[in-house]
Amino acid sequence: LAHLDRLKVWQPTYLHIWRRLVAKLHQPDSVPYTYLFAFDTGKKAMVSDADILVHIERTQNKSELFNYHLAEGLHQYYSRNFRGAVASFVSAEKYVSAVIGLQTNATFALYYSLAQIAAERESSEKESERKAGVTEETLAIVKRYQDRMRKWAQHAPVNYRHKYNIVEAELAALQNNGERAVTKYKYAIQGALHGHFTQDEGLIKELFGEYYMRREPAAALDMFKESYYAYLK
């Protein structure tokens, strides 16, 4: 019975985490509250993200801690706060052992790598002379998760190969290896289309469009249009 009581709290807490992410992405100016079963009484109450985090930290539910920080990292990434996204993913990384074998593990590996690369690019572009290459710290993090993604892609290429390729494309772009970047962007798009991963298709085309904006702005518009319609699917 005690286990069932815990499930009554854990399940709505988990759903709240992802429901709030959807709300933040679709309505970024909305009030950050939603109905959820109260933790102690079982009655519905208005709770904030901060309330959720306090509760999860008190219970030390590692799976929910991982998902909370992953969702926050995704929100920060799509809000283009790349340093904030990295910070959230660093927090999520502490609990990644709780989601081994789950799809959220791959989502984390993909977006942590992309956030690291985007944050490094943003820092580089703020300098008077844009430096080529990537710091050893960023490269080590990306390599660690790309090694895992490569192994997953060997066993389930439809699910993971396009994810591996988009990170490779972004890394090549950061290192000013344009030919490799374009090839990997195209491979990533093909893989996302083949597996019907429309969310990933939109992301890949958006990043490819941004690549063109930095080099061939005239070619970026069509890619951004394709990205927009992929997100709408």
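Predicted model: local features only at pLDDT ≥ 70, side-chain atom pairs only at ≥ 80, totals over all residues.
Residues are numbered from 1 along each chain as its sequence is written, and side-chain values use heavy atoms, with hydrogens and water left out.

The protein chain contains ten helices and two strands, where helices (H or I, at least four residues) and strands (E, at least two) are DSSP runs numbered from the N terminus. Along the sequence these elements follow the order α-β-β-α-α-α-α-α-α-α-α-α. Of the 233 residues in the protein chain, 47% are buried; a residue is called buried under 20% relative accessible area, exposed over 50%, and partly exposed in between (1.4 Å probe, protein chains only). Among contacts (heavy atoms within 4.5 Å) with a separation of 6 or more, 57% join residues 24 or more positions apart.

Aromatic side chains form 17 pairs in the structure, a pair being two rings of Phe, Tyr or Trp (its six-membered ring) whose centres lie within 6.5 Å, with planes under 30 degrees apart counted as stacked, over 60 as edge-to-face and the rest as tilted. One of these is the tilted pair of tryptophan 152 and tyrosine 160, with 5.7 Å from centre to centre and 50 degrees between the planes. Tryptophan 152 is partly exposed, at a relative accessible area of 25%, whereas tyrosine 160 is buried, at 14%. Phenylalanine 208 and tyrosine 211 also form a tilted pair, with their centres 6.2 Å apart and 45 degrees between the planes. These two residues are separated by about one helical turn, because phenylalanine 208 and tyrosine 211 are three residues apart in helix α9 (residues 198-215). Both phenylalanine 208 and tyrosine 211 are buried. Elsewhere, Phe66, Phe89, Phe108, Tyr112 and Tyr145 make up one aromatic cluster.

A charge also sits over a ring, since lysine 163 lies over the face of phenylalanine 197, at 4.6 Å from the ring centre, the criterion being that NZ of Lys or CZ of Arg is within 6 Å of the ring centre and within 35 degrees of the ring normal.
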